[in-house]
Amino acid sequence: MQFDVQKDVLVKALRDVTSAVATRVVQPILSNVLIETRENSTIRFQGTDLDITIETKVPGMIEEKGSVTLPGKKLLEVVSKLPNKTVRFKVNPETLETTVTCERSKFNLTGLPSDDFPKLVDSGNVDGVLMPSDVLRRSIQQTSFAAANYDASSVLGGVYLVINEGVFECTATDGSRLAHRKEELSVSARSSRRVEGDKETEEDKKSATATLDKPMYLKAIVPARACTELVKLLDAQDGEKAAKEGASLKEVRIAMVSGQIVFETETHYLSSRLIGGEYPRYQELFPTEYKYLGELNADDFVSSIERVAVMSDDRTHLVKLHFEADTLQISANTPDVGQAQDETQVQFEGQVLDIAVNVRYLIDVLQRLSGAAIRMEMTGPLKPIIIKTGADDKYRYLLMPVQAR
């Protein structure tokens, strides 16, 4: 096995896949990344910890096809130090010792057989849904942060994805807050099945995407970690696409098979185990009316909040919000440390209102609504706060206030 690849392309691919590599190794093979050269000009990199699997494909000059697994973190560390030139890999088929060279630098790494590497889940023969990548990325970005980080294996540690009759819903909650986004997918979310093409080479079959006649129903609770990794892949992929073409037009194919969910694009693949269980009936938590309404700029609000948050209690992270006329006063007081106060403009409807919140939960959502004019709908000091954006009725964030002493 022998191939050449550009250093910056190689580093990016390794960063993508090593984020799925196991940190606590039970099987030595799980600390490795799989490298395959099956096509004439495409190199595949793959990493997994058995919960998440990530694969990426990059272009390269292939002189001899084959496969090997190499220590993922160490390989990334090695190539990151190399000059931005062509990197050559040469694998001894007998010993699997791999020589990595770039100009005057040379490294030897010990490989393990690719046959021992866990097999990729193949979703090509099951129904899937094609979704615009920007829709999927935005939905996950604005919701996954609200999932519980204290119990990754429970339903609250995942993001609830539902696709039904052209409607896509994405929801996450940790019990104190809830983020929800709903999108009308229309034609862009046609169903698909990956089928084998008419042309076939001796070593590899080319695949294509065919459209099914009927829409597909999908329901899954995806671990928040997998969603975070997916957003990173889509950010990188669509960033490259936009740089080249001035727009982000890619689609993601989503399918479920063998208790896992698979996300595929032209260059990336991510599969994740699903979380079992019934997701809470979150629709009933949103109030149908409100008594107080505050409208303000997300950037101005988060700047004030972040200044005051410095003096919030390290345990409760509590800040108080005082709404009155056209001013929102934000304050924090920590005994034996000090206090802080700041103000920002607000268009407020209703009587004077004092409400206390966990400042981290407020900053989390405001940072993801950067530049937007936001609406805060409230019913009372201890009733749920609903945060929306003025120009976007597809997103809602529910935040429970806390009892201020």
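How many nonpolar, polar and charged residues does the lining of the largest cavity have? The structure is a predicted model, in which local features need pLDDT of at least 70 and side-chain atom pairs count only at pLDDT 80 or more, whereas totals for chains, interfaces and linings use all residues. Residues are numbered from 1 along each chain as its sequence is written, and side-chain values use heavy atoms, with hydrogens and water left out.

A search of the whole structure finds one cavity of 30 Å³ or more, a cavity being a set of points on a 1 Å grid over the protein atoms alone where a 1.4 Å probe fits but cannot get out, with lining residues having an atom within 4 Å of a point. The space in the largest cavity is about 50 Å³, where a volume is the space filled by probe spheres set on the points, and grid points are joined across faces, edges and corners. The lining consists of L230, L233, L234, Q237, F263, E264, T265, H268, Y269 and L270. By class, six of these residues are nonpolar, three are polar and one is charged, with Ala, Val, Leu, Ile, Met, Phe, Trp, Tyr, Cys and Pro counted as nonpolar, Asp, Glu, Lys and Arg as charged, and the others, Gly among them, as polar. At least two lining residues are supplied by each of helix 4 (224–245), strand 18 (260–264) and strand 19 (268–273), and the largest share, four residues, comes from helix 4; helices (H or I, at least four residues) and strands (E, at least two) are DSSP runs, numbered from the N terminus.

R225 is partly exposed at 34% relative accessibility, whereas D49 is buried, with a relative accessible area of 17%; buried means under 20% relative accessible area, exposed over 50%, and partly exposed in between (1.4 Å probe, protein chains only).

A salt bridge is likewise formed by D51 and R273, whose closest N and O atoms are 3.2 Å apart. This pair links distant parts of the chain, with D51 in the loop between strand 3 and strand 4 and R273 in strand 19, 222 residues apart. D51 is partly exposed at 34%, and R273 is partly exposed at 27% relative accessibility. Elsewhere, R375 and E377 meet through their side chains in a salt bridge of 3.1 Å, N to O, and R138, R181, E183 and K394 are linked in a network of salt bridges.

Strand 2 (residues 32–37) is mostly covered, six of its six residues being buried. From this strand N32, L34 and E36 point one way, and V33, I35 and T37 the other way. Strand 2 runs antiparallel to strand 6 (residues 66–71), to which six bridges join it, and antiparallel to strand 3 (residues 42–48), to which three bridges join it; two strands pair if DSSP finds at least two bridges between them. E36 has S67 as its bridge partner in strand 6 and stands opposite R44 in strand 3. Strand 2 and strand 3 form a hairpin, with four residues between them.

Notes:
1 Å grid on protein atoms, 1.4 Å probe; cavity = no way out; pocket = protein on both sides within 12 Å on 5 of 7 lines; lining within 4 Å. Salt bridge = Lys/Arg side-chain N within 4 Å of Asp/Glu carboxyl O.
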